Structure formats: C-alpha cells, structure tokens
Amino acid sequence: MKISLILNTIIAIISVLIITILLINHLVPTYSIMFLYGDSMQPTINKVGVSIVDTSQTEIKDFEEGDLIAFNDYLDNDISHRVTVSRTDEILIRGDNIDETLTHRIQVDDDRYKIYGKIIKYYSY
C-alpha cells in the first residue's frame, strides 16, 4: 500500500512538472527549463534543481556580476555558474563551490562556449 502511494505521488509530481514546462515554453517562448545537477553551485543550488532560463539574454553585454548563467562548455557539458567579472568584451564565471582558480573566461566571438541564457529563477532540492 505504501509503495503504491509513493509511486502515485511521484507520478503526480512528474506530471505537474511536465505540464509546467510545457506551459512556460508555450506562454513565454524566450524562457526555457534547464535541469541542474552537481555540486559546483552549492550552497546556492543543491545537488539537484530546476531553473528557468531567459534565452533572449545570450550576449556578453547582457550579464552583470552576480548573474547566474547557463552555458555549454568546450567539452560539451551543460553548466550553470555565476558571473564574477563582467566587461564589455568578456565575462568570468565560476561555480559558488569552486576554487577561484577554476574560472571560465568567455569572450565575445568565442566559439568554444554556447551561452543558453540568464537563469532568472531556480528551485533546488
């Protein structure tokens, strides 16, 4: 009986999540959902999370220090990190749980990185 209740609860949560994702993508075409996992952004984002990404903000000039961004790196990893330095021609980003020496430098016209957008809201578990 308990297993059935737990399974039904999980199915209900997944259903609500899927409906929410479809609604957000339909109602606001420039917003996208990104699932987050890993520990590089702890304690801000725990090991698992979901974020809403504004995909209209993908240019270096769109970001300020402190912004969270979603991007794909040169090793084809989807990553979310915080902007630590913002200049007109580049941004420096790193995870909240990462040594300062492990910083990504994304410059204008740098084809090794694909910026998905600014994370405008996140939920972590």
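## Salt bridges

Seven salt bridges turn up in this structure, which is a predicted model. Take D96 and R82: their closest N and O atoms sit 2.9 Å apart. This pair ties together distant parts of the chain, with D96 in the loop between strand 5 (90–94) and strand 6 (104–107) and R82 in strand 4, 14 residues apart. R82 is partly exposed at 23% relative accessibility, and D96 is partly exposed too, at 26%. There's also a network: R87, E90 and R105 are joined by salt bridges that share partners.

Two other pairs are worth a look. K61 bridges to D62, with 3.5 Å between the closest N and O atoms. K61 counts as exposed at 66% relative accessibility, while D62 is partly exposed at 21%. D39 pairs with K47, and here the closest N and O atoms are 3.9 Å apart. D39 has a relative accessible area of 39% and K47 one of 48%, so both fall between the 20% and 50% cut-offs and count as partly exposed.

## The largest pocket

The largest pocket holds about 260 Å³ of space. It has 15 lining residues, and the ones closest to its centre are L36, Y37, D78, I79 and S80.

Strand 1 (31–37) and strand 4 (78–86) each supply at least two lining residues, and strand 1 gives the most, with four. By type, the lining splits into seven nonpolar, six polar and two charged residues.

## A nonpolar patch

Definitions and conventions: Residues numbered from 1 in each chain as written. Predicted model: local features only at pLDDT ≥ 70, side-chain atom pairs only at ≥ 80, totals over all residues. Heavy atoms only, no water. 1 Å grid on protein atoms, 1.4 Å probe; cavity = no way out; pocket = protein on both sides within 12 Å on 5 of 7 lines; lining within 4 Å. Points joined across faces, edges and corners; volume = space filled by probe spheres on them. Nonpolar A, V, L, I, M, F, W, Y, C, P; charged D, E, K, R; others polar. Salt bridge = Lys/Arg side-chain N within 4 Å of Asp/Glu carboxyl O. Buried < 20%, exposed > 50% of the residue type's maximum accessible area, 1.4 Å probe, protein only.
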